[in-house]
Amino acid sequence: MSYTVLSLKWRPRSFAEMVGQDAITRTLRNAFQQNRVAQAYLFTGPRGVGKTTTARIVAKALNCPESPGNPCNECSTCREIDESRNIDVLEIDGASNRGIEEIRNLRELIKYAPVNSPYKVFIIDEVHMFTGPAFNALLRTLEEPPAHGKFILATTDVHKVPATIISRCQRFDFNRIAPATIQDRISAILEAEHIKIDVPSLELISHKADGSMRDALSILDQVIAYSGEAIHIEATREVLGIVPVDQYFAVSAAIRAKDGAALVEQIRAARRKGISAEVFVQDIETHFHHLLIAGFEGGATLIDHGEEIQKRYEEESRQWDRRDLLRIGQQLSELRIRVGRIESAYLLIEMWLLKLTEMDRSVAIEELIQTLGGARNRPPAVKPTQTPAPAPRQEPTPSPRKPQPKKPKEAGDLFTPPSAAPETPTVQEPTPTREPAGDSDRKP
Ligand SMILES: [Zn+2]
């Protein structure tokens, strides 16, 4: 018996079976119920979220003789459309039919009435690949469409579709599908397929699919091929080439503790596992992003992981100053861009992450003032005022703020209480450091 990939076997065939695009499904169903189906639709959104699937369902709803508006999926018309071999429903790939000749043919085809059905339906996938003349020809068709013609355009890149075309269509923006929705769906599919899976695998796959149901199902195909009828997290990680989350916590802990040896050990372990440098850096970046989010009240619940891991993020986040996380995040996104360009990427990763262990901690201005104030035996509550000419021993006025007469010449000025000005200048330490050490030799 031949194996049908899950994304084909479980492709939704009716509006009721569609997953994760509720608003679009409801609007389309209502359009059929109220007999207000548009002449042309434009479906936009990332790949694998159901655009072409929905287009086929609309085509069936238009032409199914048994149950118009809600395809029966039993009649020959429905079955032919599902198998892309219905004479009145033409599926055109924008990438390979982008020239003016093909569009001329299309215009010829449109002139003829449908053979067996009420409508001639044109599904144009990846329509943004059309050339300028092809778009012009399409526009003329959309301007004067025959009564029997219906158009469904689909694209992953709506910005490349001319506004004149977009304005002739009813537009639907398909969303990335939420991980929880993907998880529910694959869990139901696996139950029907009599395949057991543990919860961490479910979470990992639905997270890794990045909003695409098709990607989730093709990952699942791979994992099933590897694991058989019982899927465990170790095997899932192996198939996906995923570094366990522990390892990312070990990386952040090593940076925090300025432990270079431990850090290099983690990086080399990832390399030995065959994780690509890009994926590794991206995952570390995501990890620090999670740490940042977890530092906000209720932020951990926004992390697409189980409760246990959310709690770990919350705990680790408490060990960090938010500004340090922001700076590290910035460094990592710069590293990610560089890693894509060079061959010895792992060497760069080691150098870059080791640099992070040398980074100075952020110092809050309030702390700095306290330190300075303490050194001068002043009460710690003294705050800098911005009065132009301070009278001696003037009390600080917190509000309203007055315009500053001149810009401070050096950073120290800003943090020194004005009454300290007449004193003999002393070396002011520490000075606030905003950039990581070694910033000037960042460029090779
Ligand atoms: Zn039917």
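Arg 13 is partly exposed, with a relative accessible area of 33%; in this classification, buried means under 20% relative accessible area, exposed over 50% and partly exposed in between, for a 1.4 Å probe and protein chains only. The structure is a predicted model, in which local features need pLDDT of at least 70 and side-chain atom pairs count only at pLDDT 80 or more, whereas totals for chains, interfaces and linings use all residues. Residues are numbered from 1 along each chain as its sequence is written, and side-chain values use heavy atoms, with hydrogens and water left out.

The side chain of Arg 13 meets that of Asp 82 in a salt bridge with an N to O distance of 3.2 Å, a salt bridge being a side-chain nitrogen of Lys or Arg within 4 Å of a carboxyl oxygen of Asp or Glu. Arg 13 lies in the loop between H1 and helix H2 (22-33) and Asp 82 in helix H4, so the pair ties together parts that are 69 residues apart in sequence. Helices (H or I, at least four residues) and strands (E, at least two) are DSSP runs, numbered from the N terminus. Asp 82 is partly exposed, its relative accessible area being 24%. Together with Lys 60, Arg 13 and Asp 82 are linked in a network of salt bridges.

By the same rule, the count of salt bridges comes to 17. Among them is the pair of Glu 350 and Arg 268, whose closest N and O atoms are 2.6 Å apart. This pair links distant parts of the chain, with Glu 350 in helix H17 and Arg 268 in helix H13, 82 residues apart. Glu 350 counts as buried at 11% relative accessibility, whereas Arg 268 counts as partly exposed at 44%. A further salt bridge joins the side chains of Arg 171 and Asp 173 at 2.7 Å, N to O. Arg 171 is partly exposed at 39% relative accessibility, and Asp 173 is partly exposed at 41%.

The zinc ion has as its protein donors the SG atoms of Cys 64, Cys 72, Cys 75 and Cys 78, lying 2.3 Å from the ion. Donors are N, O and S atoms within 2.8 Å of the metal (3.2 Å for Na, K and Ca); water is not among the atoms, so sites may look incomplete. Along the chain, the donors of the zinc ion follow the spacing C-x7-C-x2-C-x2-C. The angles among the four donor atoms are 104 to 119 degrees, and the site is tetrahedral, a term applied to four donors if all angles lie between 85 and 135 degrees.

The largest nonpolar core contains 35 residues, of which Phe 280, Phe 288, Leu 335, Ile 349 and Leu 353 touch the most other members. Helices H12 (245-256), H13 (260-272), H14 (277-294), H16 (322-339) and H17 (345-357) each supply at least two residues of this core. The largest share, eight residues, comes from H14. A nonpolar core is defined as a set of buried Ala, Val, Leu, Ile, Met, Phe, Trp, Tyr and Cys residues joined through side-chain atoms within 4.5 Å.

On the surface, Tyr 3, Val 5 and Leu 8 form a nonpolar patch with about 300 Å² of accessible area together. Patches are made of residues with over 30% relative accessible area and no salt bridge, with like charges joined within 9 Å and nonpolar side chains (Val, Leu, Ile, Met, Phe, Trp, Tyr) within 5 Å. Accessible areas come from the Shrake-Rupley method with a 1.4 Å probe, and for residues only the protein chains shown count as cover. Val 5 is placed in the segment before helix H1 (6-9) and counts as partly exposed at 35% relative accessibility.

Most residues other than glycine have a negative phi. Ser 84, although not a glycine, has a positive phi of about 55 degrees. Ser 84 is located in the loop between helix H4 (76-82) and strand E2 (89-93) and is partly exposed at 43% relative accessibility. Glu 126 likewise has a positive phi, near 50 degrees; Glu 126 occupies the loop between strand E3 (120-125) and helix H6 (132-143) and is partly exposed, with a relative accessible area of 25%.

Terms used
Tetrahedral: all angles 85-135°; square planar, octahedral: opposite > 155°, others 65-115°.
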